[in-house]
Structure formats: structure tokens, C-alpha cells
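Please keep the viewer open as you go and find each residue as it comes up.

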Amino acid sequence: MKKYTYTEKKDTRSGFGAGMEVLGNTNPNVVALCADLVASLKLEAFIRDNPERFIQTGIAEANMIGISAGLTIGGKIPFASTFANFATGRVYDQIRQSVAYSGKNVKICASHAGLTLGEDGATHQILEDLGLMKMLPHMTVINPCDYNQTKAATIAIADYEGPVYLRFGRPVVPVFTPADQKFEIGKAWTVNEGKDVSIFATGHLVWEAILAGEILEQEGIDAEIINIHTIKPLDEEAILKSAGKTRAVVTAEEHNRLGGLGDSVAQVLIKNLLVPQEYVAVNDSFGESGTPDQLMQKYGLTAQNIVEAARKAIARRG
Amino acid sequence: MEINQLKDVASQVRRDIVRMVHGCKSGHPGGSLGCTDLLVALYFEKMKLAEKDGKPAFEMDGKGEDLFFLSNGHISPVWYSVLARRGYFDVSELGTFRKLNTRLQGHPTTHDGLPGVRIASGSLGQGLSVAIGAALAKRLNKDESNVFVLMGDGEQQEGQVWEAAAFAPHHKMDKLIAFIDYNGQQIDGPTISVLDNRDLAEKYKAFGWEVIELAKGNDMPSVLEGIDRARAASGKGKPVAVILHTEMGYGVDYMMGTHKWHGAAPNDEQLAVALAQLPETLGDY
């Protein structure tokens with residue numbers, strides 16, 4: 001097992017803020033929009049450097065999406081940002097018609113995704129957003145794993161023409177990917193090569209997958225860990241190559257098991273390979289108040305859950 | 001263009017509308033007929049449009065030209081006809097309206113690259129936000145031209161309209177001119193009984209808009225004068241709303257004064273009656 005260490009923990013939303021700061025100084029077409037959550041989205045540096053290219057919409061997300069679509073017509077690259085729940089479910093029809101169907105170059109940037117938003121509870125903890133966004137034709141869906149990767153992804157999507165959903169979160173998590181990484185949309189990143197089981201993880205669950213890999217190693221199980229930071233378009237080649245080798249699959253995500261990464265991987269497998277797959281995901285429920293750690297525990301999204309899923313997948317393979 | 005020429009164009013556009021909805025046995029003639037005079041006045045006289053060799057030169061970014069957005073996308077027949085008659089695409093394409101494998105979708109869309117259309121509309125309430133975004137881009141690009149948007153009066157029931165209505169004055173979007181087609185009808189009946197818009201002009205004023213009442217929205221000289229008034233009011237720190245009083249179905253007697261023709265197509269006999277009231281001026285497609 002390749003050794004991963006970290007010197008600090010940081011929130012992925014700060015990676016977004018850092019990426020926006022870079023874009024503010026390098027790409028004059030980038031415009032930031034926010035619906036009354038500037039501090040939560042870490043947009044202060046962008047606004048400080050580019051006050052004329054920041055648009056405060058107030059608590060009016062539908063209008064923010066429509067304005068973003070309109071901005072693209074004049075050649076701007078809008079980054080519309082708010083909490084994941086309000087950036088997707090609340091404005092699904094606006095995204096569908098004015099952004100995705102119209103093929104507009106809007107970047108929907110969603111913080112506080114999943115359970116790890118924590119104490120605010122289920123009203124703010126969307127676990128359906130990846131599914132909602134990946135079902136939209138033309139939409140690219142990205143869920144990076146740590147601060148550095150979120151920063152790199154933020155910068156990368158500005159150069160990609162087309163609608164993008166970029167998902168990140170609130171909790172501080174280990175920073176273990178390189179600061180100077182180049183983010184390639186749609187290209188899975190092999191975190192660890194192994195031969196016994198494939199763990200396809202996304203977002204915060206990639207670190208849990210690494211911890212799981214270390215536990216499995218002690219049991220003599222050699223896990224291949226792959227970071228699926230791009231849910232759509234999915235790197236089918238990487239998935240099939242790995243699953244074809246290990247013939248046992250685990251998917252891990254901070255999302256409802258319906259409609260997320262697990263289902264995307266299952267679709268690829270079912271057409272190509274007969275291999276068992278186990279889901280580590282929220283079992284079709286809403287969240288609740290609690291600390292991020294407590295919630296990950298209660299809803300079964302920890303390294304230990306991944307370990308158990310891996311054992312099960314291997315057992316089913318026989 | 002002279003008033004009489006504009007009236008001739010409007011008559012032909014109305015013929016196109018009823019023939020288009022008849023041809024596919026579906027679509028929305030009522031609101032289309034009511035807004036014909038406005039769209040003809042804008043596209044044939046009042047909007048500053050990019051041109052090359054006397055024809056519109058469509059670019060998505062529309063730099064340096066006035067932009068028009070149709071928020072109530074269901075009145076696509078009038079927009080398609082006006083765009084075609086203005087030269088954005090061939091008038092023969094009007095015969096493909098709402099048919100399989102065509103660019104003239106039931107509600108306007110960009111994904112097949114139809115010249116003149118910059119965003120999809122149909123699901124109501126989104127166009128004012130889009131127009132604001134386009135106007136913000138113009139502001140950032142130091143482009144002084146206007147952005148026009150047309151909404152329905154029933155559409156004012158959508159909450160997003162009021163998110164946008166609050167935003168535009170706050171951000172002094174004074175190049176934005178929003179028309180509201182005040183025909184008093186919607187699918188389920190008169191707007192006053194479905195959900196009353198109640199003091200619409202006062203609402204926009206309270207939100208910080210400059211409001212113009214255009215009483216005769218189906219009278220070409222009045223429409224031209226109203227657009228001039230709206231443009232004169234723009235650039236002065238406030239967005240401009242024009243309450244455009246129209247009659248749904250205007251120009252076809254049996255389609256007027258009722259919501260029945262909001263989204264229904266005439267049969268063969270009804271088509272003949274309608275066409276007899278609308279002189280062919282530029283030649284049918």
C-alpha cells in the first residue's frame with residue numbers, strides 16, 4: 001500500500017476559494033456570483049481583487065442561475081455558488097432549461113454537500129445532488145477529494161467550455177494530493193495499485209478509502225483505490241481495467257446510494273463484466289444534526305464500512 | 001420603415017402564425033397574435049441589430065447590438081415568423097414548426113443553432129433573469145446597447161420573476177427594458193380570476209422600476225411611440241418595465257376576447273376564416 005501522509009487538514013470549500021482567487025487574477029472573463037453566502041464559499045479574496053466581477057444576488061438562487069446563463073451570452077464565465085442543496089434541488093428547472101438544455105458555459109459551484117455539513121441537519125444536507133446533476137444531458141459533474149484537488153478543479157473548469165457542477169464541502173479533511181497537480185476532467189486518479197479489490201471513491205470518501213486500504217493490507221488484502229473525481233463523464237476505461245483485474249468492486253460516496261457514483265459504476269460493470277459490487281453510501285434516507293464524524297459513523301460512511309464492503313465483495317466473488 | 005409597411009409585415013406574420021399552428025395542429029396562436037405588433041416594431045424598426053449585406057448577422061454574444069429575449073416561450077410562432085421575415089433564416093422553414101427533426105421546436109431552443117435564439121425558454125419565469133445576466137455582461141463589456149425581454153402577464157405569477165424584479169433596480173440595470181404582455185388571459189381563464197396580478201404597475205414601481213403603460217399594444221404607431229418612450233427612459237439609473245396592453249388573438253375575430261385560443265390550433269375551416277381577415281402581403285411561406 002502506497003503511503004499517504006498529510007501535514008494539515010483543510011476544507012475543500014477553501015480550495016474553491018483559493019482557486020477563485022487565482023482565476024480572478026488570471027482570467028478576466030470569470031465572474032463570481034453568490035446568494036448571500038460569501039464567507040461560507042470563501043469568496044473574500046476574489047471579491048477583494050475583483051469587486052466589479054462579483055455579483056451578489058441575495059437569497060434568490062433561481063435568479064442567480066438565470067443571470068449566470070445570461071452572462072455566458074456576453075462571453076463571461078460565471079461561477080454561481082451557494083450550498084449544494086440550494087445550487088441543485090432548489091433550482092433544478094432553471095439549471096435544466098437555462099443552463100443544460102441551452103448549453104451554457106455556467107459553473108455551478110456547490111459547497112456544504114452531503115452529511116458533513118453537520119449540525120444544520122437534513123434541510124441543508126443534500127444527498128441527491130450528484131444524481132440530479134448527472135441526469136442532465138450536457139452536464140459535467142465533478143466531486144474532488146481534498147483542498148488541493150478542489151483548487152485545481154476550480155481552475156481547470158474555467159478552461160472547459162460547457163456546464164459544470166463542482167461539488168465540495170465544509171469539513172476539514174486531510175490534504176494529501178499534490179499542490180501542483182494538473183486536474184484532468186474525466187480522468188480517474190489511481191491512488192493505490194492493488195490486485196484484490198477495487199475501491200472507487202469520490203470526494204471526502206477517498207481519504208476514508210485510503211484508511212480502509214491500510215486496514216485491509218494488515219489482513220493481507222491488496223486494495224486498488226481509485227479516486228473518481230469526475231462522476232460524469234465517467235472514466236469507464238479506468239473502471240473496467242481495475243474491475244477486470246480485481247473482480248471485486250466497492251464504491252464509496254457521501255451521497256444517497258440511489259443515483260450516485262455507485263449506480264454510475266454499476267451501469268458500466270453490468271454491460272461489461274460479471275463482478276460483485278458493494279455500495280458504501282447513504283441508504284436512501286435524509287440526514288440529521290450531528291458532528292460530521294458522528295454522522296459519517298451513523299450513516300455508514302467510514303473506513304471501517306469500506307473495509308466491510310471490501311470483504312463482502314471479495315467473499316461474493318468467491 | 002413606414003407605418004404602412006410595418007402593418008403589412010404584421011399582417012403577414014399573423015398569417016404565418018395561424019398557418020404554422022394549423023400545420024402542426026398545435027401551438028399557441030392567441031398570445032402570438034397579440035404580440036405581433038411589438039415584435040414587428042422591435043425587429044423591423046426599433047432594435048439596433050448587427051447586419052451584413054442588409055441581412056441580420058447573428059452572433060451569440062450580440063456585442064454592440066440590442067438583444068431580445070422571449071421569456072414566455074410558448075408564443076414561439078410570432079418570434080419564429082418575425083425572425084424569418086427579418087432574414088435570420090429562410091421563411092420556408094416556418095412550415096417545419098413543431099415537427100420532428102427540425103430547429104423550430106415547440107418552445108425556442110439553442111441546441112440546434114437557430115439564428116436569433118440565444119437561450120431556451122418555455123418553462124416560465126426565467127427570461128427576466130437571463131436578460132439581466134446578458135445586460136450585466138454588456139455592462140462588463142462596456143457595451144451601451146439595450147436588452148429587451150418579453151414576459152406574459154400570467155407569467156408574473158412565477159416567483160423567480162420577483163427575484164429578478166428586485167435585483168434589477170438594486171443593481172441599476174438601466175439598459176434593461178422588460179415588456180409585460182398584459183392581455184389578461186392565461187390557460188385556465190382570465191388572469192383576474194386565476195390569480196390576480198393586482199396593481200402590477202404599482203408593484204414594479206415599488207420594486208424600483210420606471211414603469212410605462214402602453215395602452216394600445218396592437219396599434220402600430222402607439223407601439224412605436226411606446227418603444228421610443230421606453231428607450232428614452234433607459235440609461236437613467238432604473239430598469240424600465242412596459243405594461244403592454246394587448247388583445248389575445250388580435251387580428252382574428254373569433255380568437256379575440258377569450259383564453260380559448262391560448263394554446264389551440266384552428267381547423268381547416270377556421271384557418272380559412274382567419275386568413276380571410278389577414279391580407280397576404282409578403283407572400284406565404
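## A glycine and its surroundings

Leaving out neighbours within four places in sequence, Gly31(B) touches Asn72(B), His74(B), Ile75(B), Gly152(B), Asp181(B), Asn183(B), Met248(B) and His262(B). Here, two residues are in contact if their C-beta atoms, placed from the backbone, lie within 7 Å. The model is predicted, so local features need pLDDT of at least 70 and side-chain atom pairs count only at pLDDT 80 or more, while totals for chains, interfaces and linings use all residues. Residues are numbered from 1 along each chain as its sequence is written, and chains are lettered from A and ligands numbered from 1 in the order in which they are written.

**More on Gly31(B)**

- Gly31(B) sits in helix 2 (residues 29-34) of chain B; helices (H or I, at least four residues) and strands (E, at least two) are DSSP runs, numbered from the N terminus.
- Is Gly31(B) buried or exposed? Gly31(B) is buried, because 31 other C-beta atoms lie within 10 Å.
- The cut-offs are these: a residue is buried if 20 or more other C-beta atoms lie within 10 Å of its own, exposed if 12 or fewer, and partly exposed in between, with C-beta atoms placed from the backbone.
- One of the contacts of Gly31(B) is His262(B); these two are 231 residues apart along the chain, yet their C-alpha atoms are separated by 6.3 Å.

**Strand 5 of chain B**

- Strand 4 (residues 147-152) of chain B runs parallel to strand 5 of chain B, and six bridges join them; two strands pair if DSSP finds at least two bridges between them.
- Within this pairing, Gly152(B) has Asp181(B) as its bridge partner.
- From strand 4 of chain B the chain passes through helix 6 (residues 159-170) of chain B to reach strand 5 of chain B, a β-α-β crossover that is right-handed. That term applies if, with the strands pointing away from the viewer, the path from the first strand over the helix to the second runs clockwise.
- Strand 9 (residues 240-245) of chain B is also parallel to strand 5 of chain B and is joined to it by six bridges; Tyr182(B) has its bridge partner, His245(B), in strand 9 of chain B.

**Backbone details to look for**

- Lys172(B) lies in the loop between helix 6 and strand 5 of chain B, and has a positive phi of about 50° although it is not a glycine.
- Lys172(B) counts as partly exposed, because it has 14 C-beta neighbours inside 10 Å.
- Asp53(B), in the loop between strand 1 (51-52) and strand 2 (55-56) of chain B, has a positive phi as well, near 55°.
- Asp53(B) counts as exposed, because it has 5 C-beta neighbours inside 10 Å.
- In chain A, the peptide bond from Lys232(A) to Pro233(A) is cis, with omega near 0°. Pro233(A) is in the loop between strand 12 (230-232) and helix 9 (236-246) of chain A.

**Chain A as a whole**

- Chain A contains twelve helices and 14 strands.
- The radius of gyration of chain A, taken over C-alpha atoms, is 19 Å, close to the 20 Å that the globule rule gives for 318 residues, so chain A is as compact as a globular protein of that length. The globule rule is 2.2 Å times the number of residues to the power 0.38.
- Of the 318 residues of chain A, 61% count as buried.
- Chain A is divided into domain 1 (9-174) and domain 2 (189-311), with bounds that come from an automatic or database domain assignment.
- The C-alpha centres of domain 1 and domain 2 of chain A are 25 Å apart, and their contact takes 27 residues from domain 1 and 30 residues from domain 2.

**Where the chains meet**

- How many residues does each chain give to the contact? Chain A gives 22 residues and chain B gives 27 residues.
- On the side of chain A that touches chain B, helix 3 (61-73) and helix 5 (92-101) of chain A are the elements that give two or more residues. The largest share, nine residues, comes from helix 3 of chain A.
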